[in-house]
Amino acid sequence: MIAEPDLGWLADPRVFAVNRLDAVSDHIAYPDAKAAESGLSLFRQSLNGEWAFRADAKIAERPAGFHARDFDASGWGRIEVPGYIQLQGHGYNQYVNTQYPWDGVADIRPPAIPEDNLVGSYIRDFTFAGKADDGRVVLTFDGVETAFYVWLNGVFVGYGEDSFTPSRFDITDLVEKGENRLAVQVFQRSSASWIEDQDFWRLTGIFREVWIENQPALHLDDLFVTTDLTDDFSAATLKLRLKLAGASGVVTVALADATGNVVVAPEDFAAASEMDLAFAIDQPALWSAEVPNLYRLVITLKDKAGRVSEVVPQAVGFRRFEMIDKIMHLNGKRIIFNGINRHDFDAYRGRAVTYEQMLWDVKFFKAHNINAVRTCHYPNQSVFYRLCDEYGLYLIDETNLESHGSWQKDGKVLPDWVVPDGLPEWRDCVLDRAKSMLERDKNHASILIWSCGNESFGGKTLYEMSEFFRSRDPSRLVHYEGVFQDRRYNDTSDMESRMYAKPQEVEAFLQDDPQKPFILCEYMHAMGNSCGGMHLYTDLVDKYELYQGGFIWDYIDQAIAVTGEDGKPLLAYGGDFGDRPSDYEFCADGIVTAFRELTPKVQEVKYLYQNADLTPEAGGVTIRNKNLFVSTADFALRYTLMRDGVVVFTGATVVDIAPGETAFVPLSLPDRTQPGEYVLQTALCLKADTLWAGAGHEVAFGEAVLSGALAAKSGARAGANLRVIRGDLNLGVQAPGFTAMFAQVYGGLSSLTVGTLEFIRRPPRLTFWRAMTDNDRGRKHGFELGVWQTATLYQKIAAVEIDAEANEPTVTYRFALPGLPVEPSVTYRVGRDGLVHVEAHYPGAEGLPELPIFGLQFTMDKSFDRFRYYGLGPEENYADRAKGARLGIFEKRVADNLPAYLVPQEAGNRMGVRFAEVLDARGRGLRFATEAEPFEFNALHYAPMELENALRVEELPPVYRTVVTVAAKQMGVGGDDSWGAPVHPPYRVSSQAPLSIAFSLAPTGISAD
């Protein structure tokens, strides 16, 4: 035991744990069976809550002697534990991605630490009831960032560094019956900071739970459960390795299944310090994410007198994960990871997430067909793994290791001073992190793969870590992406794992005789309006057996809640706190916001990850059941026939298609005799409630357009008389349903009125530019395509042709674009059918960059604040992100059509639109209807340049208009990455080919009378 602390430990990677107990499994011991059933452990005393606290910016300023038992802390502030120092008003928040947070501030190299080193001093007074006879008392810190010293009653207890696994200390000889004082000093920077360079907010504090455990003399110190299954999975051997403190007494083991049926009757064994027990299990119900069968193992320890010392319940999942012919298999079946990366995060609490938030996350994953999670880039709280066991999720459990900034600079691989590599002074602390994770988490069925960390280059130490994983736990595989950057120790990873490889690169690897299966540990960089082209990855699942899925980056935006000037919460990102260096909004890469609001990206993810393909046709639907272990019998097949977006028939049935099988299911549908467009929609829905969703929840969907075209709808009776007024600069047309005016000077339809109600605020303008998305900015879209922004802003009229004498007056405008050899046109024709017919044409030209968009933008008054349309929805969709959308008639407020992306950008688009109506509160407005191909549609309260110039939502101007976009085509949003990957070719818009859009518009919801 080391009795005196040393500040030198902070900058010494060889010192990472002082007086810390060895890592053990995360089982929970209870004093008796009743307590075990209730889940209330009387052995544990929580030290969560309010602590006395002081923060100091530098080490030299920290309070001297504060750990003394009689230190007067009455003048100190208070802080909540668990919680972060910065998020409770001390120090400052800083976000960086790959660079180290002191880059450009402190000229240091590993393992040195900067002089500016935030120190948090904590004091907690508590009452202790007294220790169990002959037992011991253990103090546990479940997570502290980054390094900390502990004293109890003025005596030094120990030191720890690894932020994301427990640090346990034996305080048996220090804790006293009655009043005690615990003192903790937390340092933001230590040598550990060089290997905790994750892409996250650099926060400090006691951010996970703290407790003391009063262990009895006979105590289960460690438990290792393994389930060995026969090759046909008809039987298993349940193996238990126990380590006991106190070897005198009896150990009783019992096992029951999920319904309470006894599988192993209680059996007694003489207690020993180390015990290996085995039990034969016949016909075990196997665990998988699809059917997370869990058994309840109960280990009861009794002393020599027969008194119960403690009861340990442990969930057990029987499953086998292995490599067969270079392919990963679970329970004999090729597994596909429909995965996501998950940071612990909350807008208010940072990584100090609560049980309720973890439960919400797990239910969200299940409800949206996400079956796998990578714990990027550190072990999570134990309760998260228990939830994944119970609800059914596959996990890659990742070691707390990342040294990205030591070898990659602005995307360039420059490993001139990389850590840890094979440096001997870093070896033990790195391997200790692996051991701490494995020993704590080893009994969770949900964990299939151990990961050696993230983006730490390569080298001998990482290879040794992988070998430790294999030797200690052969039941799982080992992952490490970094071998792609450094092949010196290629066997570090059992699988080829890459980040942000483009689909074509993945396919090239899979076609080149690969010796390992392939996964994308990070793909689909979900920053802002993203996740376009995701199907190009999921399509590979059926093409290549060695492609076994990927993990979206990432789950949740890491943005911090602040209070706005109006008192309402706002979300801030990197740089907003004066933090430099910073990587600004790069912290926002999630498919949900920091407030756990779903973004439209979820629509696509859920569809592409669904475990059944439904392909309807006129006589029925073909269903391919992609589940490995579950038939379709637990789902209701619901089908709906729509005509012009309106439901005309619904039905439901149940079909039993075995896992992995495909079958055609005939459906009895009514005749389609009425004119119109008929669409058949089919869905598999839960028949009964589950832990994660209620009966009726849709798990898979498919639709098909069967026949017909949208029934025509005119604005007035055909053949209506028109009155034409030809002015010097304007052409007016009075029709029975409206009055229109076309401005020769201003280049378009300048007025459309019914009575005194004006629908057009400004003449429509051709648009070739959209507000740049995060992905657009990352690939320098503005540099390459900026001519189209100029064309949108500064187009001018080249010619006007007016045919006022025709049966239906027509006005055609041709536009010159600055510096571009092309003249697009817009033609308006006022028809006797009560409609204004509009056609916009782009003739195409050689040598121009691709078009972001081509269409017309209409400006209406802000009172037209809602829209209704028949097209793809219900959420926004784009050319490369429309697989998960469906046809229907949808309604939305314009204000709600701007998703909660952290930085304003292009958003709200709808594909495949047959008609759209932009309306006021009384249902009055304009109706836009296709006259050729379905168009793309959008309605927002902001113009593209307003969105593009705002760095956050609160910078957008006050709402004073509604901007409606009707477009022939818009390029996709992309998503392979957010720093250079282009939109895939099928989803770009060529400037060389002609483009046209034809639609009608007319007032709706109001009479001219």
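1. Helices (H or I, at least four residues) and strands (E, at least two) are DSSP runs, numbered from the N terminus. This is a predicted model, in which local features need pLDDT of at least 70 and side-chain atom pairs count only at pLDDT 80 or more, while totals for chains, interfaces and linings use all residues. Residues are numbered from 1 along each chain as its sequence is written, and side-chain values use heavy atoms, with hydrogens and water left out.

2. Let's start with the peptide bonds. Most peptide bonds are trans. The bond from Glu145 to Thr146 is cis, with omega near 0°, and Thr146 sits in the loop between strand E8 (144–145) and strand E9 (147–152). Another cis bond joins Trp553 and Asp554, with omega about -15°. Here Asp554 belongs to the loop between strand E35 (547–552) and strand E36 (560–563).

3. Next, please look at the open sheet of 8 strands. Its order is E32-E31-E28-E27-E26-E35-E34-E33, and the pairing is parallel; two strands pair if DSSP finds at least two bridges between them. Strand E32 (477–479) and strand E33 (496–499) are at the edges with a single partner strand each, so one side of each has no neighbour in the sheet. On average, neighbouring strands are turned by 25° against each other, direction ignored. The axes behind such angles are lines fitted to C-alpha atoms, for helices over the stretch in contact, and angles run from 0 to 180 degrees between N-to-C directions.

4. At one end of that order, E33 pairs with strand E34 (residues 518–523) in the parallel sense over 4 bridges. Met499 stands opposite Glu522 of E34. Helix H4 (residues 424–441) packs on the sheet, where it touches strand E28 (394–398) and strand E31 (447–451); contact means heavy atoms within 4.5 Å. The direction of H4 makes about 170° with that of E31.

5. Now to the interior. A nonpolar core is a set of buried Ala, Val, Leu, Ile, Met, Phe, Trp, Tyr and Cys residues joined through side-chain atoms within 4.5 Å. Buried means under 20% relative accessible area, exposed over 50%, and partly exposed in between (1.4 Å probe, protein chains only). The largest core has 113 residues, of which Tyr547, Ile552 and Ile591 touch the most other members. H4 supplies the largest share of this core, 7 residues. Another core, of 65 residues, lies apart from it and includes Ala740, Val836, Val918 and Leu995.

6. Helix H11 (residues 781–794) deserves a look. Its 14 residues reach 19 Å from first C-alpha to last, close to the 20 Å expected at 1.5 Å a residue; the expected span is 1.5 Å times one less than the number of residues. H11 bends by about 45° at Val787, the bend being the angle between axes fitted to the seven residues ending there and the seven starting there. Which residues of H11 are buried? They are His781, Leu785, Gly786, Trp788, Ala791 and Thr792. These buried residues pack against strand E50 (762–767), helix H10 (774–778) and strand E54 (836–842).

7. Most residues other than glycine have a negative phi. Gln283 is not a glycine, yet its phi is positive, about 50°. Gln283 lies in the loop between strand E20 (274–282) and strand E21 (295–302) and counts as exposed, at 54% relative accessibility. Cys531, also not a glycine, has a positive phi of about 65°. Cys531 is in the loop between E34 and helix H7 (535–538) and is buried, with a relative accessible area of 0%.

8. A hairpin gives one further positive phi. Strand E40 (residues 635–643) and strand E41 (residues 646–653) pair in the antiparallel sense over 7 bridges, and the bridge partner of Met642 in E41 is Val647. The hairpin has 2 residues between the strands, and Asp644 takes a positive phi near 50° there.

9. Strand E17 (residues 235–245) is joined to E20 by 9 bridges, and Lys243 has Glu274 of E20 as its bridge partner.
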